[in-house]
Amino acid sequence: MTFQQLQYLIEAQKAGSISQAAKNLFVTQSSVSIALSALEKELGFPIFIRSKKGLTPTPRGAAIIE
């Protein structure tokens, strides 16, 4: 896990969406999405459940965020 991935993860949790996290971090939505996907691949499990209503942490994802 890189510092940038950690920063994106925390902001995505706070913002509730990848697009809002990207706006708050002044980066593109695809940058946040790619970083989080790479982190999920590295960890071997999903961190968030993505839906039209936003992001919901999975149980394992919530443990990582804490």
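I call a residue buried under 20% relative accessible area, exposed over 50%, and partly exposed in between (1.4 Å probe, protein chains only). The model is predicted, so to speak of local features I need pLDDT of at least 70, and side-chain atom pairs count only at pLDDT 80 or more, while totals for chains, interfaces and linings use all residues. Residues are numbered from 1 along each chain as its sequence is written, and side-chain values use heavy atoms, with hydrogens and water left out.

**Entry: phenylalanine 26**

I found phenylalanine 26 in the loop between H2 and H3; helices here are DSSP runs of H or I with at least four residues, strands are runs of E with at least two, and both are numbered from the N terminus. Its phi is near 60 degrees, a positive value in a residue other than glycine.

**Entry: H1 against H2**

I looked up how helix H1 (residues 3-15) packs with helix H2 (residues 18-25): the angle is about 120 degrees and the axes are 8 Å apart. The axes are lines fitted to C-alpha atoms over the stretch in contact, and angles run from 0 to 180 degrees between N-to-C directions. From H1, the contact (heavy atoms within 4.5 Å) takes in Gln7, Tyr8, Glu11, Ala12 and Ala15, and from H2 it takes in Gln20, Ala21, Asn24 and Leu25. I get 5 nonpolar, 3 polar and 1 charged among the residues of this contact (Ala, Val, Leu, Ile, Met, Phe, Trp, Tyr, Cys and Pro count as nonpolar, Asp, Glu, Lys and Arg as charged, and the others, Gly among them, as polar).

**Entry: serine 30**

Serine 30 belongs to helix H3 (residues 29-43). I note it as partly exposed because its relative accessibility is 37%.

**Entry: threonine 56**

Threonine 56 is in strand S2 (residues 54-57). At 42% relative accessibility, I log threonine 56 as partly exposed. Neighbours within four places in sequence aside, I see threonine 56 in contact with Ile47, Phe48 and Ile49. Glutamate 42 is 14 residues away along the chain, with 19 Å between its C-alpha atom and that of threonine 56.

**Entry: arginine 60**

What does the charged end of arginine 60 sit over? I find the ring of phenylalanine 45 there, its centre 4.1 Å away. My cut-offs ask for NZ of Lys or CZ of Arg within 6 Å of the ring centre and within 35 degrees of the ring normal.
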